[in-house]
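Biologist: I have a protein model open on my screen and I would like to learn how to read it. Could you take me through some features, one at a time?

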Amino acid sequence: MDLIVSTDVLAAFCERAAKFDFVTVDTEFLRETTYWPKLCLVQVATDDEAVLIDPLAVGFDLDPFYALLANQDITKVFHAARQDIEIFVKATGSVPANIFDTQVAASVCGFGDSVSYDNLVRSITGVELDKSSRFTDWSVRPLSEKQRLYAAADVTHLRDIYRELRKQVAATKRGGWVEDEMSVLRSVDTYVVQPEQAWERLKMKINRPRDLAALKRLAAWREQRAQATDQPRSRVLKDDVLFELAMQRPLTSEAFEQLRAVPRGFGRSSVAADIVALLKDVEAIPKADLPILPERYRGPSPKGAVGDLVRVLLKSVAEQHGVAARIIATSDEIDALVLDDEADVPALRGWRRKLFGEKALAIKHGRIGLVATRKGIVEFEIKPEDATAAAE
């Protein structure tokens, strides 16, 4: 299978593809040493044609393909679309129009949580894919015939998967469920990390307002530097280094020598000079202007018995309806609803609330219970007088 390396040939293909209701799309990229994924190959298939597009070809213009992605009349079918779409958002500034993710659809049709492409191909088409080229270096040219066949298979079988999943979604009347999940993928914000929000992905706890101010500034600085130099965040500074810097706040090159997380001599680097300037600004922030620490819940842990019961309920509901549990509610969402009846989480909105959320709240407040039977977990109503007697 030849690569498309000419803008004219690509434009001709895209013109043919625009006559179909849908196209399947996949990418191959590298990201181990960069912040932004390096696009190495694009695979596209229509009902009667599959092509490989070489974005590394010299003088090659991908604009005809990007126009195809923007065409509202054509469904763009991906599997596990997030990383592929991130590449196109970086290139064009927008999410491809009218997208459909078969991994999302499979999760509401009983195929499990985050089902892999090869497992889905096996389940729906009966074909066993050769995945031996999965970890190949897609930036090296020429591509072997084995690599090309592997890459093409990622979009040719996707056609059959898409058709079958559309049938199953329609038959079960779960189109709205799929659309709820797709709304996240359709938002540009899903793929763009704003430096000022970079601190939110860090999980370690901060207990003092000035430490939090420092962490926010440091995380934003690292994100900006990683983006500007196109290198992974960890190559700029690792997470544990950010936290130690935020809490210790060294203001001289000598002070860096007292830190465990940074190498010897780091304090004399230009990076350290930038950090010192940033931390001096943090020290100058008036106390009244420091960020407020997130309020910490002091009640019973959501990881306790109530949370355990709600998790059992989730597993039961997921099995009963043939839906991946993660699509209904995440572990963090369960914690949130255990702590707050009005938590702003998807599990307490729309079809998820009807399917699971109301029952979760009923368990929390002792209105229903669970019992294990040979047929699985069964819910039963608890009468008010029984609940009162149990409480006493």
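Predicted model: local features only at pLDDT ≥ 70, side-chain atom pairs only at ≥ 80, totals over all residues.

Biologist: How far apart are Glu196 and Arg217 in sequence and in space?

Modeller: There are two ways to count here. Along the sequence, Glu196 and Arg217 are 21 residues apart, while in space their C-alpha atoms are 7.6 Å apart.

Biologist: Now a second residue. Why does Thr102 count as buried?

Modeller: The cut-off for buried is under 20% relative accessible area. Thr102 has 0%, so Thr102 is buried. Its place is in helix H4, which covers residues 102–107.

Biologist: Which residues does Thr102 touch?

Modeller: Leaving aside residues up to four places away in sequence, Thr102 touches Val77, Phe78, His79, Leu120, Leu158, Ile161, Tyr162 and Leu165. Look at His79 in that list. The side chains of Thr102 and His79 make a polar contact at 2.8 Å.

Biologist: I would also like to read the backbone. Which residues have a positive phi?

Modeller: Let me show you two cases. Ala80 has a phi near 55°, a positive value in a residue other than glycine. Ala80 sits in the loop between strand E5 (75–78) and helix H3 (82–92). With 34% relative accessibility, Ala80 counts as partly exposed. Asn98 is the other case, with phi near 55° and also not a glycine. You will find Asn98 in the loop between H3 and strand E6 (99–101), and at 30% relative accessibility Asn98 counts as partly exposed.

Biologist: And the peptide bond from Arg141 to Pro142: is it cis or trans?

Modeller: For that you read omega. From Arg141 to Pro142, omega is near 5° and the bond is cis. Pro142 belongs to the loop between helix H5 (117–125) and helix H6 (145–172).

Biologist: Which residues make the contact of H12 with H15?

Modeller: From H12 come Val306, Leu309, Val310, Leu313, Leu314, Val317 and His321, and from H15 come Leu355, Phe356, Lys359, Ala360, Ile363 and Lys364. Sorted by kind, ten are nonpolar, one is polar and two are charged.

Biologist: At what angle do helix H14 and helix H15 cross?

Modeller: The axes of helix H14 (residues 331–339) and helix H15 (residues 350–364) cross at roughly 50° and come within 10 Å. That makes H14 oblique to H15. H14 passes H15 in a right-handed crossing.

Biologist: And which residues meet there, in H14 and H15?

Modeller: Ile334, Leu337, Val338 and Leu339 of H14 meet Phe356, Ala360, Leu361 and Lys364 of H15. In this contact of H14 with H15, seven residues are nonpolar, none is polar and one is charged.

Technical notes. Residues numbered from 1 in each chain as written. Heavy atoms only, no water. Helix = DSSP H or I, 4+ residues; strand = E, 2+ residues; numbered from the N terminus. Buried < 20%, exposed > 50% of the residue type's maximum accessible area, 1.4 Å probe, protein only. Polar contact = N/O pair within 3.5 Å; in protein donor to acceptor, adjacent residues only side chain to side chain. Contact = heavy atoms within 4.5 Å. Axes fitted to C-alpha atoms, helices over the stretch in contact; angles between N-to-C directions. Parallel < 35°, antiparallel > 145°, perpendicular 65-115°, else oblique. Left-handed = near helix turned anticlockwise from the far one by under 90°. Nonpolar A, V, L, I, M, F, W, Y, C, P; charged D, E, K, R; others polar.
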